[in-house]
Amino acid sequence: QVQLVESGGGLVQPGGSLRLSCAASRVIFSINVMRWYRQAPGKERELVAGITSGGSTNYAGSVKGRFTISRDNAKNTVYLQMNSLKPEDTAVYYCYADSNTYTGRLNIYWGQGTQVIVSS
């Protein structure tokens, strides 16, 4: 069962925009942090942005001012609005989420990845 489903990737020209979505399965009942990572060919996966259950956000310096992360707790969904895209943003983007069970165990989840290609 896929528990984080991503969508919204695609091909866009430099300067364009995309909005990524990541919807969590209903089996994840209480999500703490949700994050977006990305991985370009030949590079390690890097943190792009994160958001807590309370709405606090953080961004990688390379995307700050261009990307916005948000979440809809009622829908168990996190978004990444990407504006002013650059070729260096080309990567596979992965959604991350974690949650605590009622017994206190931390579970982590990863999306399947969605391709973002910024090219003219």
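These legends go with a handful of close-up views of a predicted model.

**View 1. The aromatic cluster of Tyr37, Tyr96 and Trp110.**
Three side chains, Tyr37, Tyr96 and Trp110, come together here as one aromatic cluster. The chain's count of aromatic pairs comes to 3. Take Tyr37 and Tyr96: their ring centres are 6.1 Å apart and their planes meet at 70°, so this is an edge-to-face pair. Tyr37 belongs to strand 4 (residues 31–39) and Tyr96 to strand 9 (residues 91–100), so the pair ties together parts that sit 59 residues apart in sequence. Buried or exposed, these two tyrosines? Both Tyr37 and Tyr96 are buried.

With Tyr96 in strand 9 and Trp110 in strand 10, the pair links parts that are 14 residues apart in sequence. Trp110 has 37%, so it counts as partly exposed.

**View 2. Two arginines over tyrosine rings.**
Here are two spots where an arginine meets a tyrosine ring. In one, Arg19 places its charged end over the ring of Tyr79, 4.1 Å from the ring centre. In the other, the ring is that of Tyr94, and Arg45 lies over its face at 3.8 Å from the centre.

**View 3. Leu20 and its surroundings.**
Leu20 sits in strand 3 (residues 18–24). How buried is Leu20? Its relative accessibility is 0%, so it counts as buried. Leaving aside residues up to four places away in sequence, Leu20 touches a list of residues that includes Ser7, Gly8 and Gly9, then Trp36, then Val78, Tyr79, Leu80 and Met82. Tyr93, Thr114 and Val116 are also among the contacts of Leu20. One more distance to check on screen: the C-alpha atoms of Leu20 and Tyr94 are 9.8 Å apart, although 74 residues separate the two along the chain.

A bit of backbone to finish. Most residues other than glycine have a negative phi. Which way does phi go at Asn76? It is positive, at about 50°, and Asn76 is not a glycine. Asn76 is located in the loop between strand 7 (67–72) and strand 8 (77–82). With a relative accessible area of 17%, Asn76 falls under the 20% cut-off and so is buried. Ser84 has a positive phi too, near 50°, and is likewise a residue other than glycine. Its place is in the loop between strand 8 and strand 9. The relative accessible area of Ser84 is 40%, so Ser84 is partly exposed.

Definitions and conventions
Residues numbered from 1 in each chain as written. Predicted model: local features only at pLDDT ≥ 70, side-chain atom pairs only at ≥ 80, totals over all residues. Heavy atoms only, no water. Phe/Tyr/Trp six-rings, centres within 6.5 Å; stacked < 30°, edge-to-face > 60°. Helix = DSSP H or I, 4+ residues; strand = E, 2+ residues; numbered from the N terminus. Buried < 20%, exposed > 50% of the residue type's maximum accessible area, 1.4 Å probe, protein only. Lys NZ or Arg CZ within 6 Å of the ring centre and 35° of its normal. Contact = heavy atoms within 4.5 Å.
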